[in-house]
Amino acid sequence: MATLQASNFLVSSSSKQIHAAILVPKLPSIRFSVPKVPSKKLSEELNTRDGFINTIPVEKNAIRTTLLQESSYVPNATIQIHAILEAVVDRVEMHSNIGEQRENWNTLLLNSINMITLTAATMAGVTATGGAGVSLLALRLGSTLLFSAATGMSVLMNKIQPSQLVEEQRNATRLFKQLQNQIQTLLAVGSPSKEDVKDAMEKVLALDKAYPLPLLGEMLEKFPERLEPAVWWPKNQSRKTHQEKHINGKVERNGWTEELEMEMREVVEVIKRKDSEDYERLGNKALKINKFLATSGPLLTGIAALGSAFMGSSNGPWAAIVAAVAGALASAVNTFEHGGQVGMVFEMYRNNAGFFKLVQESIESTLDESDVEKRENGELFEMKVALQLGRSLSQMRDLAKKSTYSRIEGSPIDEFASKLF
């Protein structure tokens, strides 16, 4: 029995020791030493390594200054073309704002003149009825003054032709935007030269002359003897020199062939015989109509003013009737002229005729250059002309063939060169 108790005591004591060893683990504390970052820079360490001091000089500031000077160099021609571009952008905004202003002039003046004329005609009509208790003197003076004011305003409005002024500013805005895109393309594809700067400057000045902003002194003639096409391009346009290309041992003629030259000549003939002639004819008709309306409006209001001045019991109702009828007709004429914007139609025909003149001169000046290497590339030039006329290359070639056959047969061609206008 004593032996069993002793064995139990040993087992329990050993189990206690094992339990204590498992439940109370004790980990040693470990310290890590972080190395210090060297305070010297890499360049200084390389210089002082192996006992050599300052054998590799660091020229950081000198190198940086040299790179900045090289990267900041801009050719003078590029700076000048940027200055011209800024001026062109400013002119686009200027012509757009003035165009909106003059469109408001057209609306406000037309409405004001019609209201004044109709009010005066109504007063003359009331006078013609001869109603009792009506002050004939007041109505006569009032209608006479209103008709006289309408006559003066109508003369001024017909002189400046606001609808035509608006069309001028629209065209100027479009052409300056076109020039802006050309300059931006030039800056994007390569470095501009002095010839490019000169060409851009001449184009800006030519547009300023073709579409002047002031009304006094510089305003375009609104009633010329006959239609003259608008000219917004410089007379002597510079042509870039194209170098010849060698492909497979053969020399190209800068994209030009005899067939292409004949095609361009036939296109010019079609433009002369059909497009230019037709737009000049329509422009002259619009000019005649505008002249007639511009004369009739103030004349009718003037007759109405005279009729209203002689209204009274001694002359009977005829003077009042003349005043009322003439005032109504004057209002109708002004509405047709300025509401229908006949002046704008004339300006549109004038600009279209100028567009065809530009295409014609561009083709003729290119073909007159005997050295094909000094011309614009033939394929590119053909594509530009086709796009200007709203045709594909195959359609323009077919047009040239039709023109050739019509001249041989002596019959007029039944097709216009342009499909845009």
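Which residues form one aromatic cluster? In this predicted model, where local features need pLDDT of at least 70, side-chain atom pairs count only at pLDDT 80 or more, and totals for chains, interfaces and linings use all residues, the cluster is made of Tyr279, Tyr349, Phe355 and Phe356. Residues are numbered from 1 along each chain as its sequence is written, and side-chain values use heavy atoms, with hydrogens and water left out.

A look at the overall build comes before the details. The protein has 12 helices and two strands, where helices (H or I, at least four residues) and strands (E, at least two) are DSSP runs numbered from the N terminus. Followed along the sequence, these elements give the pattern α-α-α-α-α-α-α-β-β-α-α-α-α-α. Of the 421 residues, 36% count as buried; here buried means under 20% relative accessible area, exposed means over 50%, and partly exposed covers what is in between, with a 1.4 Å probe and protein chains only.

Back to the aromatic rings. The whole structure contains five aromatic pairs. Rings of Phe, Tyr and Trp (its six-membered ring) pair if their centres lie within 6.5 Å, and planes under 30 degrees apart count as stacked, over 60 as edge-to-face and the rest as tilted. The ring centres of Tyr279 and Phe356 are 5.6 Å apart with planes at 35°, so this pair is tilted. It links distant parts of the chain, with Tyr279 in helix α8 (residues 258-309) and Phe356 in helix α10 (residues 342-368), 77 residues apart. Both Tyr279 and Phe356 are buried. Phe356 also pairs with Phe355: their ring centres are 5.3 Å apart and their planes stand at 65°, so this pair is edge-to-face. Phe355 is buried too.

Charged side chains also meet rings in this model. A charge sits over a ring if NZ of Lys or CZ of Arg is within 6 Å of the ring centre and within 35 degrees of the ring normal. Lys274 lies over the face of Phe416, at 4.7 Å from the ring centre, and Arg375 lies over the face of Trp256, at 4.9 Å from the ring centre.

Grid points are joined across faces, edges and corners, and a volume is the space filled by probe spheres set on the points. The count comes to one cavity of 30 Å³ or more, and the largest cavity has a volume of about 40 Å³. Its lining consists of Glu103, Asn106, Ser163, Val166, Arg170, Gln341 and Met344. Helix α6 (162-189) gives the largest share, three residues. By class, the lining has two nonpolar, three polar and two charged residues, where Ala, Val, Leu, Ile, Met, Phe, Trp, Tyr, Cys and Pro count as nonpolar, Asp, Glu, Lys and Arg as charged, and the others, Gly among them, as polar.

The second largest pocket holds about 190 Å³ of space. Of its 13 lining residues, Leu220, Glu221, Pro224, Glu228 and Arg350 lie nearest the centre. Helix α10 gives the most to this lining, with three residues. The lining divides into six nonpolar, one polar and six charged residues.

Most residues other than glycine have a negative phi. Gln161, in the loop between α5 (136-160) and α6, has a positive phi of about 50°. With 0% relative accessibility, Gln161 counts as buried. Gln341 has a positive phi as well, near 55°, and is placed in the loop between α9 (318-339) and α10. At 23% relative accessibility, Gln341 counts as partly exposed.

Technical notes:
1 Å grid on protein atoms, 1.4 Å probe; cavity = no way out; pocket = protein on both sides within 12 Å on 5 of 7 lines; lining within 4 Å.
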